[in-house]
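Welcome, and thank you for stopping by. Have a look at the sequence and the model below, and then let us walk through some of their details together.

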Amino acid sequence: GRAPGETLWHRLAIATQPEVQAARAFCETHLAQRHLSAFEFLNQALTTRRAGGLSGWDRLIQRLGEPVRDPVQALLSLSLSFDMSEARSLQRFLADIEGRNTVLKRELGEPDAAVRVMTVHGAKGLQAPVVILPDTTSGTKPVSEALFFTDAGIPLYSPSARFDCKATAHLRETANLAAERESRRLLYVALTRASDQLIIAGASLGNSKQGYAKSSWYRWCLTAMQALLGGNIDETDLQAPLVYGAPPICVAKTESADRQAPPAPDWLKRAAQMPAPPQRLAAPSRLLEDRSAVLAPFGRDRAAALKRGRLIHALLQTLPDLPPDARQAAGRKFLARDPELTPVAAEEMLAVTLRVFAEPSLASLFSTKGRNEAAIVGTLPGGQLVNGRVDRLIIEPDQILILDYKTDRPAPKDAQSVDASYLVQMAAYRAVLQTLYPERAVNCALLYTDGPHLIELEGHVLSESLNRVESRV
């Protein structure tokens, strides 16, 4: 009743060895699941717990350590991608894997109390407390290529150095020098991987009198060690270690386990002080609600009125920097960029702006001393933080003028008719600048393009309006 090729010794071994029996049961269980997809098969093999309560993951980590997670996770991801793009077949997945030449590069982080064995190329960018270079006595391998190319791109064939002509000998020597320079660069990378201790070692070469090649890393490191130690070193005694630097100090634990803990500090028993609430940052234009009248009521014309205000505002900001005779052409060119603006509306906006510049009483406001869209950030006398931006700020040696444009509001009759929100806004700007420039007078004014009409605001009126509302903000 034996299977073909099965001997009695096979039957006896299977019957007497528990490990073999467990392996056979494991294989039979998984062979019965060969109809599953690749991802399902691998996932079930890794997560199912068997004898001893260990899963496939547990057994792999127990045998190979934590680093085994990376390649197995990569295999799982590959199987899932295969199942989503190809036919769900375990046999096809195995055929696909066998035909691949996949290289998995792990990203190594900080040392984790483990020994890492890697090449110098793989150690680039990493560092460890102790680094051992175990094979440094062999020399740089000479170039073994048989085909060389000249600077003109002409191929030259020479199977070995014995058959070299003058041209191939020069090309071979150039390639050997390049290989030696690359070896030196790799040596620098290897020597700079250690943070605490560097150990340079190697097996003695039997075909060399010194035990190491002339172009070996060991020779270069031995030469450097001679310079560091400042004496002649016997290069034939390779068994005696050469040490540079103080040996590491091992600090023994001298404290007893039953030592009394120090008393708690006094501050630990005191109640912590409540932190002061953060100051709220407010815009001066939002200190009071704006209830002043607008030129156009809310409705179909509101968008056009807002656009008119923005464009005139932009003209007032940019045109003062140009000579007076160039402002009209520049303003007309600027307004022509808006495809929705009619020529009549554009000329009306430009006329309003130029009328402001032409007003003799306003000429000093648009001199080169002014600055447009100036940011003002500071603290009011009551401690409130404000952050705003004025349309134009003019700083002179003896005074400062804060100017705010009103392009969509009808001009009031006088300063007493200005809306309270404007007064508070300008008063906040004035209070911040008074703190920064206490030796200069700070004046405020509103420029209504409807006119144009300039309204200067008195200082005591601004101070009173700010005192009335500062407790609310």
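In which strand does Glu373 lie? The answer is strand S6, which spans residues 370-379. Please keep in mind as you read on that this is a predicted model. Glu373 has a phi near 50°, a positive value in a residue other than glycine. With a relative accessible area of 29%, Glu373 is partly exposed, because a residue counts as buried only under 20% and as exposed only over 50%.

**Helices that meet**

Let us turn to the helices. Helix H7 covers residues 166-191 and helix H8 covers residues 217-229. Their axes come within 11 Å and cross at roughly 60°, which makes H7 oblique to H8. The crossing in which H7 passes H8 is right-handed.

**One side of a helix**

Which residues of helix H3 are buried? In this helix, made of residues 38-47, they are Ala38, Phe41, Leu42, Ala45 and Leu46. Around the axis they cover an arc of only 120°, so they lie on the same side of H3.

**Rings and charges**

How many aromatic pairs does the structure hold? There are two. In one of them, the ring centres of Tyr212 and Tyr218 are 5.3 Å apart and the planes stand at 40°, so this pair is tilted. The reasoning rests on the cut-offs: planes under 30 degrees apart would count as stacked and planes over 60 as edge-to-face, so the rest are called tilted. Is Tyr212 buried or exposed? Tyr212 is buried, at a relative accessible area of 4%. Tyr218 also counts as buried, with 15% relative accessibility.

Rings can have charged neighbours as well. The charged end of Arg184 sits over the ring of Trp220, 3.8 Å from its centre. Elsewhere, Arg69 lies over the face of Trp57, and the distance to the ring centre is 5.7 Å.

**Apart in sequence, seen in space**

| Pair | Apart in sequence | C-alpha to C-alpha |
|---|---|---|
| Ser183 and Gly139 | 44 residues | 9.3 Å |
| Lys413 and Ile455 | 42 residues | 9.1 Å |
| Leu319 and Phe357 | 38 residues | 9.2 Å |

Where do the residues named at the start of each row sit? Ser183 lies in helix H7, and at 13% relative accessibility Ser183 counts as buried. Lys413 is found in the loop between strand S8 (399-406) and helix H12 (420-436). With a relative accessible area of 79%, Lys413 is exposed. Leu319 belongs to the loop between helix H9 (302-318) and helix H10 (327-335), and Leu319 counts as buried at 3% relative accessibility.

Terms used. Residues numbered from 1 in each chain as written. Predicted model: local features only at pLDDT ≥ 70, side-chain atom pairs only at ≥ 80, totals over all residues. Heavy atoms only, no water. Phe/Tyr/Trp six-rings, centres within 6.5 Å; stacked < 30°, edge-to-face > 60°. Buried < 20%, exposed > 50% of the residue type's maximum accessible area, 1.4 Å probe, protein only. Lys NZ or Arg CZ within 6 Å of the ring centre and 35° of its normal. Helix = DSSP H or I, 4+ residues; strand = E, 2+ residues; numbered from the N terminus. Arc of directions from axis to C-beta. Axes fitted to C-alpha atoms, helices over the stretch in contact; angles between N-to-C directions. Parallel < 35°, antiparallel > 145°, perpendicular 65-115°, else oblique. Left-handed = near helix turned anticlockwise from the far one by under 90°.
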